[in-house]
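Here is a short tour to read alongside your viewer. Keep the chain open and follow along topic by topic.

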Amino acid sequence: MEDRYRAKAIEDKWQRIWEENRTFQVTENPGKPKYYVLEMFPYPSGRIHMGHVRVYAIGDVIARFRRMKGYNVLHPMGWDAFGLPAENAAIERGIHPAKWTTENIVYMRDQLKKMGISYDWDREIATCDPEYYRWEQLVFIRMLERGLAYRKRSTVNWCPSCQTVLANEQVEGGRCWRCESEVSKRDIDGWFFKITAYADELLDGCDRLTGWPERVIAMQKNWIGRSEGAEFDLPVVGYPDLKIRVFTTRPDTGFGMTYAVLAPEHPLVDQLVTEPSEQAEVERFRAEVLKQSEQERVAEDRPKHGLRLSARVINPFSGREIPLFIADYVLMIYGTGAIMAVPGEDQRDWDFAKTHELDIIETVNRPAEWSGEAFTGDGIKINSGFLNGLTVAGAKRRAIDWLVERGLGEARVNYRLRDWGISRQRYWGAPIPVIYCNACGMVPEREENLPVVLPHDVQISGKGGSPLTTHAAFVSAACPRCGGPARRETDTMDTFVESSWYFLRYCSPRFEGGIVERDAAVYWMPVDQYIGGIEHAVLHLLYARFYTKVLRDLGLVKVDEPFNALLSQGMVVKDGAKMSKSKGNVVSDDVIRDKYGADTGRLFELFAGPPEKDLEWSDQGVEGAYRFLTRLWRFTFQHREALIAARSDFSPNDLPGDLRNLYRLIHRTIKKVTEDIESRFHFNTAIAAIMELLNALSASVQDESKREIGTPVIKAGLETIITMLYPFVPHIASELWESLDHRGGLDAVTWPQYSEAALEEEQLLIVVQVNGKVRGKITVSADVDQTRIESEALQDQKVRSFLDGKKVQKVIHVPRRLVNIVVEG
């Protein structure tokens, strides 16, 4: 008997077999249904820890399960290799981003292989490879030709000490994360993708994403933020030619506008504020606002801060002069950067009005029971001049007509969504294929000159902006149009661009004729199951949807949406916080694998809870997973010889009652595990059902009187367990399968099928209630009719004692479960 479970030796063996046999390499096969399963590819940041393992284990269960179900499964892996962390590492450690990234990829690839994830490594990609980003450079040129890529000035975070642009995450408390200098705002030219041109299609498409979590759909809809309403002008008192444009979804509340607010960064502020002391106040206020992120400024649970200006504006509905403020909760990037404030019907405005002792006018009649503050419901208009007596909906239409008739405004559909700024004033990214010529202006690079390769011979200090700006060989270029001297664009692309189409490149990663080979894309796309964290619910997923639609319109792909279904897995939590290097609470995958084996780590993370929920790390839980695998190992080898000798062909009808029940449990377990994986991704309950079946097998072998006749059933049960565990713990399952004298690996075995006939009970245990209280139980044949069951329930001796002298009013029958006898009194 091989009584010891030697995880490392087993895992090394099967990983070698899978690699030598190219088990998971796949090609298009029109004769088989395809299934494309994909986890969001990782940033090669150094080491995989157990917080990362969960997503890869989930994807592997789905991939292996679908392969056993007869699908042609594409399960690829690659690296989101550009980005700021590599540049930061270069500054902190004195190592080039390319070297740091490559070394990390080598280590992380080895970790994933040791976890036994069934990737097709022939399709591996890294987004920092020029043969990858050359195609997004080509797409950029195509988008530029169609007006979907354009250049404009925008506001960025600027560190005056480092002389460089900072990402939002590099600004901490209004200061540079590196040198702690106070950060300012600066307007610079940058490149944008016109995602707003697809706003309606992106919004409408949300309703067709039936395989996505409702929470993610809601977040996408909110980010796009389609709003119907009106835009109109507020005249500025004392400035005949100056007006402030506002947008509102509630033009019916115009008579309740008691103040207006500008974003602190609104360009009109500097025109309106000319007195030195007020200018100083405004600058101090702006400096405080700069310390907040955009998310903090608009958070509903944070106090709203404002500064009253000396300027005043006119409410065009009432003709009244009203105060004008700048406030942190109004952002220039939303709407027009200015709002009309109606505290009677907006809670945020109510809170602000109370703080600043401003008038509050109710413009909607409240219900009699109303005792709140701002009222956002429907009702009849009051205190609203020509709108009085109308409903809210009717008043909205009338208010817009009134503004249009007088040339004061217009109906407008606005979007919260803003065009995607893709420029990054940093080094480690894909170069933007644009050249600036004094004679010809801005000119795209010639397609035959792509890729524009990022040079590696640079010095990175973190100061003075991107090193590309001082790299003479890179900057100097010939104009593609006139051939004259020109300079190359030194901005690089946002890394979200690379992750917006990588799933397409997996379809044909070595194709040299374009972004994707058309027939391969037609076969594999869309991705059937996408898996990744909820933190990517908006930007990555929205950008990927947009980019796919652009590629469709460029004639490069045929799909409208990239991902049929989405699973957003929860975090792995340890010591009350998300497992991460920054928190110092990581558990190394290497440590777990060396001590227990990869299968144990996988099993724990799949068993500890449903995938969409956060998972609390537990050392005891890992021990428990290891004990279960050890127990399965010992059970198999303890009975191995008898199981190998046992025949596999037996008739369930010849089995005694308890073995027939065990046979039934085998098929029930197959049904449950299949449905839990296929329909619900409830891997934890699937594993629990398998554990219960092993318990039943263990109990059955203890009965020596039935051991000979029962061994074939136990063999069927154990082989079912091993087969169904294969997607979860593929190494030990493969080894145990082979130990039972099976030739060929489990990767070639089909998923077990359950028999509907085997699920049927021969006898039913029926609970009998009297007036809803359990008074007895009866056992009946499974094929008896309702009348017979009710008759036996009424005749049961225990039940009759509760019926004596009472009139039966009715009998309620729940098929196959219970009878409830309703009596008087």
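Which backbone nitrogen does the side chain of Asp 120 reach? That of Asp 122, at 3.1 Å. Please keep in mind that this is a predicted model.

**Around Asp 120**

- Asp 120 sits in the loop that runs between α4 (97–114) and β4 (125–126).
- With a relative accessibility of 2%, Asp 120 is buried, because the cut-off for that word is under 20% relative accessible area.
- Besides reaching the backbone of Asp 122, the side chain of Asp 120 makes a polar contact of 3.2 Å with the side chain of Gln 25.
- Leaving aside residues up to four places away in sequence, Asp 120 touches Phe 24, Gln 25, Val 26, His 75 and Pro 76.

- An open sheet is built from 4 strands, ordered β30-β29-β32-β31, with mixed pairing.
- The edge positions belong to β30 (773–781) and β31 (808–814); each has a single partner strand, so one side of each has no neighbour in the sheet.
- From one strand to the next, the twist averages 20°.
- Strands β29 (residues 763–770) and β32 (residues 818–823) run parallel and are joined by 4 bridges.
- For a spot to look at in this pair, find Val 768, which stands opposite Val 819 in β32.
- Packed on the sheet is helix α27 (residues 786–795), which touches β29, β30, β31 and β32. The direction of α27 makes about 130° with that of β30.

**The buried side of α6**

- Helix α6 (residues 199–206) has these buried residues: Ala 199, Leu 202, Leu 203, Gly 205 and Cys 206.
- Why do they lie on the same side of α6? Around the axis they cover an arc of only 165°, which puts them there.
- The cover over the buried residues of α6 includes the helices α7 (214–224) and α17 (539–553), along with the strands β10 (226–236) and β16 (409–415).

- Strands β19 (residues 434–437) and β20 (residues 441–444) run antiparallel, with 4 bridges between them.
- Val 434 has Pro 444 as its bridge partner in β20.

**Backbone details worth a look**

- As background, most peptide bonds are trans, and most residues other than glycine have a negative phi.
- A cis peptide bond leads from Leu 450 to Pro 451, with omega near 5°; Pro 451 belongs to the loop between β20 and α13 (472–475).
- Another cis peptide bond leads from Met 525 to Pro 526, with omega near 0°. Pro 526 is in the loop between α16 (518–524) and β24 (529–533).
- Asp 575 is not a glycine, yet its phi is positive, at about 55°. You will find Asp 575 in the loop between β26 (572–574) and β27 (577–578).
- Phe 681, also not a glycine, has a positive phi of about 55°, and its place is the loop between α22 (657–680) and α23 (683–701).
- Is each of these two buried or exposed? Asp 575 is exposed, at 62% relative accessible area, whereas Phe 681 is buried, at 15%.

Definitions and conventions:
Residues numbered from 1 in each chain as written. Predicted model: local features only at pLDDT ≥ 70, side-chain atom pairs only at ≥ 80, totals over all residues. Heavy atoms only, no water. Pairing = 2+ DSSP bridges. Helix = DSSP H or I, 4+ residues; strand = E, 2+ residues; numbered from the N terminus. Axes fitted to C-alpha atoms, helices over the stretch in contact; angles between N-to-C directions. Contact = heavy atoms within 4.5 Å. Buried < 20%, exposed > 50% of the residue type's maximum accessible area, 1.4 Å probe, protein only. Arc of directions from axis to C-beta. Polar contact = N/O pair within 3.5 Å; in protein donor to acceptor, adjacent residues only side chain to side chain.
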